[in-house]
Amino acid sequence: MDGDGGYRPLTTETLPGRLAGVPALAARVGPDPAAWRVAEVGDGNLNLVFVVEGPAGDAVVKQALPYVRLVGESWPLPVNRTFFEWHALVRQDRRDPGSVPKVFHFDEAQSLLAMERLSPHVILRRKLIAGERVEGLGERLGRFCARAAFRGSDLALPAAERKADAALFLGNVDLMKITEDLVFTDPYFAAEMNSHTPGLEPAAARLRADDALKAEAQHLLRRYATAAETMIHGDLHTGSVMCTDRETRVIDPEFASYGPMGFDLGMLVANYLVAFLSQPAHRAAADLAPFQAWLLDTVGETFAGFEAEFRRLWAEERTGTLYPAALFEAQGRSSLPALEGVLGEIRRDALGFCGIEMHRRSLSLAHNADFESIGDVALRARLEARSLTLGRDLVMGRGSISGPAALLALARRRNGEDFL
Ligand code: SR1
Ligand code: MG
């Protein structure tokens, strides 16, 4: 790829020789590249991910491929996504210190990041499939979403900085286009790359014939594509979170852009709900109810963690252009009604994005292991039909679902019903 600034994909064999001269990596792993052990561990849809171990320690090297790994070279994708990932990681670490891996090297020409290896952390999705709890998960991720949403927005940032950031991240057009198509549009018609579990046809057909639902999905897409409120992670599912039993970090913000404040919250909750609905296939009877209850508690704690932190930031860090204290507190007036309005809108958006994400994970490209790993295809289809139904409930009812408690009641109800 010489016309591309010398970009060349790394391999386990070439990595030590090619990166030996990166001081930050040598300091981390050891000065002699011959002593480095390299394994490619990427299991995501897009990139190469290497773990590099040496006498001094270890690191992760992530490199973008010039195509969608999941599909192959027939779907080219610019490697500049690493540029946006790097900028996002820097901002997330500033806005919520300790929430993301430390980056110690970025090479734009090679579309490569070297960063802290999270160990013994495991991808959250794998833990949830294995029935493992993470202490404080909901509160931690709710707080992350609130800090990222608030501190990247016109509620907090100086106007010029916010606009410069919006301009920067709205350059991530190729990744946003993937989301616009795969997440918001493809689930609702027979798009070329779609697939679904055999037996799910009646439920898929119902959604695709539902004009009111399609209109709402497009309203939500309009929000995603045009409501440039804050820097969003853009792909905050349970595969973008790594945890120990008590520590949680967020990874992989290559889909970062400027978008609605409720987007990440909604995507995350969708992935908890998919985990919840898939559990009958993964747990023995005795463990099922307690683990599902913990997952729903996590949904509630995520919303509660988000709102508590957002309220605190509103009171303590509202220094941007929006809802200035000059209009409220400085005149002895309360800004709380305005805050309730903002939180209500975020909640509504989040529920809508949540429903859309639940749909696309069963109908579009890039399904989740929560369902995909279920070998009993008839059971998988039954569980996914519940997910499609609950997703529709959320998209269509997002304006009338009174709060997290009502959402959890709906999830419990759908978990006991059959739609095929
Ligand atoms: C073509 S990329 C498919 C999916 O993988 C990423 O993780 C995003 O979720 C994207 O939608
Ligand atoms: Mg990813």
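This is a predicted model: local features need pLDDT of at least 70, side-chain atom pairs count only at pLDDT 80 or more; totals for chains, interfaces and linings use all residues.
Modeller: Local features here need pLDDT of at least 70, side-chain atom pairs count only at pLDDT 80 or more, and totals for chains, interfaces and linings use all residues. Residues are numbered from 1 along each chain as its sequence is written, and side-chain values use heavy atoms, with hydrogens and water left out.

Biologist: Why is phenylalanine 84 called buried?

Modeller: Buried means under 20% relative accessible area, exposed over 50%, and partly exposed in between (1.4 Å probe, protein chains only). Phenylalanine 84 has 5%, so it is buried.

Biologist: Why is leucine 70 called partly exposed?

Modeller: Its relative accessibility is 40%, so leucine 70 counts as partly exposed. Leucine 70 is found in the loop between β4 (67-68) and β5 (72-76). Helices (H or I, at least four residues) and strands (E, at least two) are DSSP runs, numbered from the N terminus.

Biologist: How many aromatic pairs does a search of the whole structure find?

Modeller: The search finds 13.

Biologist: What makes the pair of phenylalanine 83 and phenylalanine 84 edge-to-face?

Modeller: Rings of Phe, Tyr and Trp (its six-membered ring) pair if their centres lie within 6.5 Å. Planes under 30 degrees apart count as stacked, over 60 as edge-to-face and the rest as tilted. Here the centres are 5.1 Å apart and the planes at 90°, so the pair is edge-to-face. Ring pairs also link Phe83, Phe84, Phe169 and Tyr258 into a cluster.

Biologist: Why is the pair of phenylalanine 150 and phenylalanine 310 edge-to-face?

Modeller: The ring centres are 5.3 Å apart and the planes stand at 80°, so this pair is edge-to-face. Phenylalanine 150 lies in helix α5 (residues 137-151) and phenylalanine 310 in helix α11 (residues 285-316), so the pair ties together parts 160 residues apart in sequence. Both phenylalanine 150 and phenylalanine 310 are buried.

Biologist: How do you know that arginine 283 lies over the face of phenylalanine 291?

Modeller: A charge sits over a ring if NZ of Lys or CZ of Arg is within 6 Å of the ring centre and within 35 degrees of the ring normal. Arginine 283 is at 5.6 Å from the ring centre and lies over the face.

Methods: Chains are lettered from A and ligands numbered from 1 in the order in which they are written.
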